[in-house]
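Student: I would like to learn how to read a protein model with its ligands. Could we go through one together?

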Amino acid sequence: MSRKILITGGAGFIGSHVVRLFVTQYPEYEIYNLDKLTYAGNLENLSDIAHAANYHFVKGDIVDRDFLDALFDTHRFHGVIHLAAESHVDRSITNPLEFVMTNMVGTANLLNAFRKYGDMQHGRFYHVSTDEVYGELGMTDPAFTEETPYHPNSPYSASKAGSDHLVRAYHHTYNMPVVISNCSNNYGSHQFPEKLIPLMIHNIRNRKPLPVYGKGENVRDWLWVNDHARAIDVIYHKGTSGETYNIGGNNEWKNIDLVHKLCEIMDRKLNRSAGESASLIHFVADRSGHDFRYAINADKLQRELGWTPSVQFDQGFEQTIDWYLANESWLEHVTSGSYRDYYQAMYGGR
Ligand code: NAD
Ligand code: TYD
């Protein structure tokens, strides 16, 4: 049986942690990382395992159907772990069609290629998705379960919801062996600094304004990226075909409280006076259609597959901040070029 696994989006934030985990934990697998290397993909994220004997990088676009068919025809993958996506809500508001192409058409192309050339008998197609497909919650609503109806609100979440539906339909129609997981917000090393936590760290260090949308009242559940990768490992190997699993940190924060906590830690680490970083906080115009609250009920994953987060938030958060402070050159590299233009457009060079 082929032990070849294709991981898409492996040069991105979460994908790089998943690739590292599979390459190091499973020397018997051949891991193929397929990535287009968009602004969000950076091979530096994987420099420590780039020369591992069981690791292979393929540069390519999942929207390119002929390329994908040829790749699958050559390798006859046993499994696919699909993370490649356009992932930033703000970008989906300014450029929705790119999200439809990569997230929906790209996923459809992968499903077709796996159906034609993948291991439909014993293999697995794992689709990595988001809790944002469920829509938004009020402050006192119960957390999302796997039974919560889909109600995506942003072009990003709608494109992810569409891809989830396609995956489920391929299971139902063609008996494709699939699993889907829907995870809450991740934090950790190697996250592109357009997302809340690395953006704020970057700006605090450079004494730039900290743009908090609206009043900062919106709530997100935060999970350490390494724990997400561990959950993907467990679900890939032990999850039931056709099933969905929610993944979450049981760790809800209002944005403004999280930013204040970050400011306090950064003052301490940068030897700045108390309150110096918080003085950079600027309330800016709210995101259009900004979902108020996400919260995940991950009981099914714990009950059926025994997964729980491995670290307390304080520990993971501190470790994450240390990583960004110690890896300034990484930040310099990923924030050069096209990102700089985007940043200028979004924040006017602040
Ligand atoms: P990311 O933006 O950091 O990385 C995405 C990767 O996909 C990049 O390496 C990029 O180059 C690649 N890619 C983009 N378009 C491609 C294409 N057309 N063909 C091939 N490769 C392409 O994203 P992330 O935060 O690591 O998210 C990974 C997955 O996890 C996504 O599917 C996302 O929806 C999901 N997810 C993310 C979070 C989160 O908090 N970041 C939470 C839940 C689920
Ligand atoms: P983000 O990291 O973009 O993730 P998502 O939108 O997928 O949840 O944003 C997390 C929260 O932080 C979200 O409520 C929007 C808010 N936010 C800000 O207030 N300021 C910012 O500069 C960014 C990027 C996000």
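This is a predicted model: local features need pLDDT of at least 70, side-chain atom pairs count only at pLDDT 80 or more; totals for chains, interfaces and linings use all residues.

Student: How much of ligand 1 does the protein bury?

Tutor: Taken alone, ligand 1 exposes 840 Å², and the protein buries 97% of that area. The ligand is surrounded by 29 residues, and the closest are I14, D35, S87, Y156 and K160. By kind, the shell divides into 12 nonpolar, 12 polar and 5 charged residues.

Student: Which element gives the most residues to the shell around ligand 1?

Tutor: That is β5, with 3 residues; among the elements that each supply at least two are also α1 (13-25) and α5 (155-174).

Student: What is the order of the strands in the open sheet?

Tutor: Strands of a sheet pair through backbone hydrogen bonds, either parallel or antiparallel. Here an open sheet of 7 strands runs in the order β3-β2-β1-β4-β5-β6-β10, with parallel pairing. At the edges are β3 (55-59) and β10 (244-247), each of which pairs on one side only, and the twist from one strand to the next averages 20°. For one pair in detail, take β1 (residues 4-8) and β2 (residues 30-35), which are joined in the parallel sense over 5 bridges; K4 has E30 in β2 as its bridge partner.

Student: Where does helix α4 lie on the sheet?

Tutor: Helix α4 (residues 96-117) lies across β1, β4 (79-82) and β5, and runs at about 165° to β5. Helix α5 also packs on the sheet, where it touches β5, β6 (178-183) and β10, with a direction that makes about 155° with that of β5.

Student: Which residues come nearest to ligand 2?

Tutor: Of the 18 residues around ligand 2, those that come nearest are E132, P211, R220, R287 and H290. A polar side-chain atom of R220 lies 2.8 Å from an oxygen atom of ligand 2, and a polar backbone atom of Y213 is 2.9 Å from an oxygen atom of this ligand. The protein covers 97% of the 510 Å² of accessible area that ligand 2 has on its own.

Definitions and conventions
Residues are numbered from 1 along each chain as its sequence is written. Chains are lettered from A and ligands numbered from 1 in the order in which they are written. Side-chain values use heavy atoms; hydrogens and water are left out. A residue is near a molecule or strand if one of its heavy atoms lies within 4 Å of it. Accessible areas come from the Shrake-Rupley method with a 1.4 Å probe; for residues, only the protein chains shown count as cover. Helices (H or I, at least four residues) and strands (E, at least two) are DSSP runs, numbered from the N terminus. Ala, Val, Leu, Ile, Met, Phe, Trp, Tyr, Cys and Pro count as nonpolar, Asp, Glu, Lys and Arg as charged, and the others, Gly among them, as polar. Two strands pair if DSSP finds at least two bridges between them. Axes are lines fitted to C-alpha atoms, for helices over the stretch in contact, and angles run from 0 to 180 degrees between N-to-C directions. Contact means heavy atoms within 4.5 Å. A polar contact is a pair of N or O atoms within 3.5 Å; within protein, one must be able to donate a hydrogen and the other to accept it, and residues adjacent in sequence count only if both atoms are side-chain atoms.
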